[in-house]
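Please look over the chain shown below before reading the notes that follow.

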Amino acid sequence: MRRSLVLAGGGLRVAWQTGVVRALDEYGTEFDHVDGTSGGILTAGMLLSGQNPGEMGRRWSDLRVRDINSPLPLSDYLRGPWALPALGDAEGAIHRVFPALGIDPEAIRSSPLPGSFNLVDFASKTCVAVPHTEVDAELLAAGMSLPLFMPPLHRDEHIWTDAVWVQDANVGEALRRGADEVWLAWCIGNTPYWGDGPLEQYVHMIEMSANGALFAELATAARPFTLHVVKPEYPLPLDPEFLAGHVTADTLMEMGYRDAWHYLDGADPQGVPKDSGCTAMRVPPRGVRYRERLHGELDGADLVLEVAVDLPLPDDDAPSPGARLVGHIDHDPWGGRVLLADGRAEADGSALTYTARVHLAGRWHEVRVRRAPADARVPALWSRTRPVPFRIADGKDVALELGLRDAAHALASVTPFGTHGIRDRADTITELAAMPLRRTVTAAPGRPAQRP
């Protein structure tokens, strides 16, 4: 069976796809073709440059995400806002982001793994799948040049730009190349929520174009095939939150790893229905996310646990989805960095307990951290630097420490999610700060958290 990995767009949020790629690699899924559109060009470019998931993750972790910003020449701005070709140019992507992510056009052109990169030729209003053997840095950047934010690439008789408005996932190209099984990594939101304001509605236009084009393509596919879709349960944070530091590349990759294993754990060999439900997501609850780092020693080697925890705000009109977490453990005897799957926070007796599983040497192991009294408030998580008990399922225990600097960084990382407007964000933080942790981690009745 020929298998194709189709990497849809989603801006810089496609760091999420690196976590997906890592889970697929651990699952043993191999591909005969890789296709990238819009932001998915970054993931496809890294894969076709010869990187493994570990290197991809390290490069995203080290990336200065604001390097994507690159101003136009001053003379363009002096022409006035109505004459600007875009708000910025592609120089930051080509000269800083591509090298930092290890995207090497020469290596891509010589890749033994076939690939394709999608661009729209504005002159003909068509989506063109450019073979990996024909790309260069300027074409790759043009494929990510979202109108308004970056100018198109004028080359010969073509005007190359981002394909998202026409096609954000080229399933047809995978089928044309002989794929019988398509794995789609989908980043674009798809919920019933409609927001106000220019940014929200610009995003909604992309959501309508991307999802609508995908559904039309699935409905008119030339031949039968199996479709697998890996997607987030809730829409991912938007690029402005990433650029502002409200979410990190590590958190996005860890979310992708969690979401991929959630799908893989229950995947049907026949795939998913090819209808509008294949990319559907849930409207996120209001809540806050924080990221904290704990460190200790296990078997004579340093061990660092870093997690991002989502604490939802209880809603009297709907059952709580429960608290979730993603993260990683850095421990050299385990081969370096391992990511967490199936992470959750639970009120266990008198304590708040983090539980997750890690994939080591082909086997799953449960890890458990008793974090704080369940009746404490959110700020109490970082009020003292006492030892935090950590256990892995084979019975090994270690006391992790939360240093003063780590506690300060964790407190500074608290940011709302599922909120709209400055006042709503502030109210959410205020409500959760005064609420016992036990209330924020209670799962919905009849929907127990997944176990290893």
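Which residues of the largest nonpolar core touch the most other members? Of its 64 residues, these are Leu5, Leu42, Trp60 and Phe98, where a nonpolar core is a set of buried Ala, Val, Leu, Ile, Met, Phe, Trp, Tyr and Cys residues joined through side-chain atoms within 4.5 Å. The largest share of this core, nine residues, is contributed by helix α11 (residues 249-265), and apart from it lies another core of 41 residues, including Tyr290, Leu298, Leu303 and Val369. This is a predicted model, in which local features need pLDDT of at least 70 and side-chain atom pairs count only at pLDDT 80 or more, while totals for chains, interfaces and linings use all residues. Residues are numbered from 1 along each chain as its sequence is written, and side-chain values use heavy atoms, with hydrogens and water left out.

**Confidence**

- The mean pLDDT of the chain is 91, and 96% of its residues reach 70 or more, pLDDT being the predictor's confidence in each residue, from 0 to 100.
- Over residues 445-452 pLDDT stays under 50, and for this stretch the model has 18 contacts beyond four places in sequence, a contact meaning heavy atoms within 4.5 Å.
- Where pLDDT is low, the predicted coordinates should not be read in detail.

- Phe98, leaving aside its neighbours within four places in sequence, is in contact with Leu42, Ala93, Ile103, Ala137, Leu140, Ala141 and Met144.
- Helix α11 has 15 of its 17 residues buried, so it is largely enclosed by the rest of the structure; buried means under 20% relative accessible area, exposed over 50%, and partly exposed in between (1.4 Å probe, protein chains only).
- The end C-alpha atoms of α11 are 24 Å apart, in agreement with the 24 Å that its 17 residues should span at 1.5 Å a residue, since the expected span of a helix is 1.5 Å times one less than its number of residues.
- Helices (H or I, at least four residues) and strands (E, at least two) are DSSP runs, numbered from the N terminus.

**Charged residues**

- A search of the whole structure finds 28 salt bridges, each defined as a side-chain nitrogen of Lys or Arg within 4 Å of a carboxyl oxygen of Asp or Glu.
- Arg291 and Glu254 form one of these, with their closest N and O atoms 2.9 Å apart; the pair links distant parts of the chain, Arg291 being in strand β9 (residues 287-298) and Glu254 in helix α11, 37 residues apart.
- Both Arg291 and Glu254 are buried.
- Salt bridges that share partners join Arg64, Asp67 and Arg96 into one network, within which the side chains of Arg64 and Asp67 meet at 3.3 Å, N to O.
- Arg64 is exposed, with a relative accessible area of 60%, whereas Asp67 is buried, at 15%.
- Arg79 forms a salt bridge with Asp76, the closest N and O atoms being 3.3 Å apart; here Arg79 is exposed, with a relative accessible area of 52%, and Asp76 is buried, with 14%.
- Arg13, found in the loop between β1 (3-7) and α1 (15-27), is buried yet has no salt bridge, and the nearest side chain of opposite charge, Asp239, is 4.2 Å away.
- Not counting residues up to four places away in sequence, Arg13 touches Cys187, Ile188, Leu236, Pro237, Leu238, Asp239, Phe242 and Leu252.

**Backbone with positive phi**

- Most residues other than glycine have a negative phi, and most peptide bonds are trans.
- Leu148, although it is not a glycine, has a positive phi of about 90 degrees; Leu148 lies in the loop between α7 (137-142) and β5 (153-155) and is partly exposed, with a relative accessible area of 48%.
- Ala361, also not a glycine, has a positive phi of about 50 degrees; Ala361 is found in the loop between β14 (351-360) and β15 (363-373) and counts as exposed, at 84% relative accessibility.

**Ala410**

- Ala410 is found in helix α12 (residues 404-412) and is buried, with a relative accessible area of 0%.
- Leaving aside neighbours within four places in sequence, Ala410 is in contact with Tyr290, Arg291, Glu292 and Trp382.

Methods. Lys and Arg count as positive and Asp and Glu as negative; His and the chain ends are not counted.
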